[in-house]
Amino acid sequence: PIKVTKKILPKKAKKKPGALILLRCCESTGNANQTFTGWADPDLTAAGYQECEHAARLLLAQGYSPDVVYTSRLKRAVRSAWTVLAEMDSQYLPVYKSWRLNERSYGALTGLSKKETAKELGADVVQAWRNALKARPPPMKKTDPYYPGNDPRYADIDVEDIPLTESLLDCQERARPLWEY
């Protein structure tokens, strides 16, 4: 029999730790119009698609090669992911969509102009809602046209889990189960 020693066995390659790449969706019509979008679902603009392609080229230039993609259920995020993967020639990768990664719910502010809302309610109040960890905008009503409970893409979610408004901390807690999974 042949004696196997460490000298003739190939060295195990040291595994590099994985990288978590966070990519915000690229410009949507809501961004371009400066409206609070939250769970509303505006599409990407032409500039948004170009931003996605540019982000993909930057990732490639740095040697990144994703294994799996997670995105929200929002059209702008899904299309951003698809565009990045297409530019990276990685359309074959699994893409998992989770409502837990949706943008924060801006409640009753959804669909309103950011500038007009700041003028009407005060810039300090609006900035607190946007940037403070625990501050929540006023909740939307279930009769609001933007209420996600009427959207078929959320039919599998318990109505109690659909936010009427959220703080940044609420968003963190919403995403936690997916992160832990």
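Which residues lie nearest the centre of the largest pocket?

## The largest pocket

Of the 49 residues that line the largest pocket, L20, I21, L22, L23 and Y70 lie nearest its centre. Its volume is about 1,800 Å³. On a 1 Å grid over the protein atoms alone, a pocket is an open set of points where a 1.4 Å probe fits, with protein on both sides within 12 Å along at least five of seven lines, and lining residues have an atom within 4 Å of a point. The volume is the space filled by probe spheres set on the points, which are joined across faces, edges and corners.

Helix 6 gives the largest share of the lining, 7 residues.

## About the model

This is a predicted model, where local features need pLDDT of at least 70 and side-chain atom pairs count only at pLDDT 80 or more, while totals for chains, interfaces and linings use all residues. Residues are numbered from 1 along each chain as its sequence is written, and side-chain values use heavy atoms, leaving out hydrogens and water.

## Salt bridges

Let's turn to charged pairs. There are 10 salt bridges, each a side-chain nitrogen of Lys or Arg within 4 Å of a carboxyl oxygen of Asp or Glu. One of them joins the side chains of D156 and R73 (2.8 Å, N to O). Another joins R136 and D170 (2.5 Å, N to O).

R153 also pairs with D151 (2.9 Å, N to O). D41, D151 and R153 are linked in a network of salt bridges.

Conventions. Helices (H or I, at least four residues) and strands (E, at least two) are DSSP runs, numbered from the N terminus.
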